[in-house]
Amino acid sequence: MRWIFQVPTLAILAAGDLASQPIVLTGARLFDGTGAAPLDNAAVLINGNRIERTGRAGSFAVPAEARRIDFTGKTVIPGLIDHHFHLDTRVVPLFLRNGVTSLRDPGKWIESYEPVRRWQRAHGLTGPRLFYCGPLLDGTNPAYPEDSIALQSPLEARAAVRRLVAEGASAVKVYFRLPLDSVRAVVEEAHQHAIPVTAHLETVDVRDAVEAGVDGIEHVTSLGPALLTHKESERYRQQVLADSAARGMGRYRMWAAIDPFSARAVDLARTLARRRTYVDPTLAIFEKQADPREPESAMMVRATRNMIAYTGVLHKQGVPIVVGSHTAVPYAKAGFAYHRELELLVEAGLTPAEALTAATLTGARFLGRQHDLGTIEPGKLADLVVLDADPLVNIGNARRVSLVLVDGRVVESALPAVTTDPGGVGSHQ
Ligand SMILES: [Zn+2]
């Protein structure tokens, strides 16, 4: 399935902005995201909002009028793509400054982003690029009524998808109370419109969702029930159907008992790899570190370890992994949830380069925007991040942002706040 992206998400730039002075970044180590070895003492020429040339510094001619920025000793990587951003207007500017240049919202009315779009227009900002799923497509008694469409039938599911596409959704998300027949209807309709479907699952088995054509999975926990015995998974399913809140601690108990290396677990990973199903693990939102004051801490820590280990199994079997921050997480300060997720992916067994590829090229593919985003190559949009230290040596260095460019323009480090809060943090997990 190759989806296309139909609605422009960027604030429109004045023609004069695009014709501004070319920029050349020189002297840095270049991680271009294509899989090529990093290039030391590189030059990246940016013209308008596109990357025009890359190579060793001095290996190609640079226009005399170009603005030269010397980045000797630093590392340049593609702009980071967040596949799981719940709207918090305070966090949007922090993420942009910290190198997250594209955000996909996994379940909120698109109109909720109007304050962010207004902020972008008011300050001439072209980032972060915004991608929307629209509200959660849930079943009867939705878990988050305010941010959901409560679908009663497959026919309603199709109608809802058509409407969301018309409103600007470039993906849709099925939520965990939606029955399988409606999941299939959502997939068929979304694919008619050439957009992907991603899913948060608890009561539908991931094998059935993937068989129905779902393209991506949010949260590694969505895979849990398929790793239990049939009887155990049905018990969990009935608990969640009776009460959505049952999944809170239920999920930790489930994962504390899961063997991430079992034959069943490896088999599921192979199935997802074969189908090229994207997995957005969102490990950082589930992370629990040891806390002797909490009686269940040991169990939750074990569950966290198993989730991390299973993400490693998925990666090893070839499942395409993307990065989702969940906006704010327990063990990262405001603005660094995404970076915590990168660190946990490396803990799972991805190399720093592989974690960065998940964050960039694989993320761009899941957006359907790999022709424009995800690598630093001639012709691509100029979204890139300059780091003070090398993330390939230590992924924690991704936090050390020196400069961010979006759409060929430098993001000022003193960004204004987004002024109107349209309803605070949405937090679905
Ligand atoms: Zn979420």
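Visitor: Which residue in S7 does Leu-80 stand opposite?

Guide: Leu-80 stands opposite Val-100 in S7. One caveat: this is a predicted model, where local features need pLDDT of at least 70, side-chain atom pairs count only at pLDDT 80 or more, and totals for chains, interfaces and linings use all residues. Residues are numbered from 1 along each chain as its sequence is written.

Visitor: And how many bridges do S6 and S7 pair over?

Guide: S6 and S7 (residues 100-105) pair in the parallel sense over 3 bridges; strands here are DSSP runs of E, at least two residues, and helices are runs of H or I, at least four, numbered from the N terminus. Two strands pair if DSSP finds at least two bridges between them.

Visitor: What's the strand order in that sheet?

Guide: S6-S7-S8, an open sheet with parallel pairing. S6 (80-82) and S8 (129-132) each have a single partner strand, so one side of each is left without a neighbour in the sheet.

Visitor: Switching topic: at what angle do H11 and H12 cross?

Guide: Roughly 70°, with the axes of H11 (residues 297-316) and H12 (residues 337-348) coming within 8 Å. Axes are lines fitted to C-alpha atoms, for helices over the stretch in contact, and angles run from 0 to 180 degrees between N-to-C directions. That makes H11 roughly perpendicular to H12 (65 to 115 degrees).

Visitor: Which residues of H12 make the contact?

Guide: Leu-344, Leu-345, Glu-347 and Ala-348, where contact means C-beta atoms, placed from the backbone, within 7 Å.

Technical notes:
Parallel < 35°, antiparallel > 145°, perpendicular 65-115°, else oblique. Contact = placed C-beta atoms within 7 Å.
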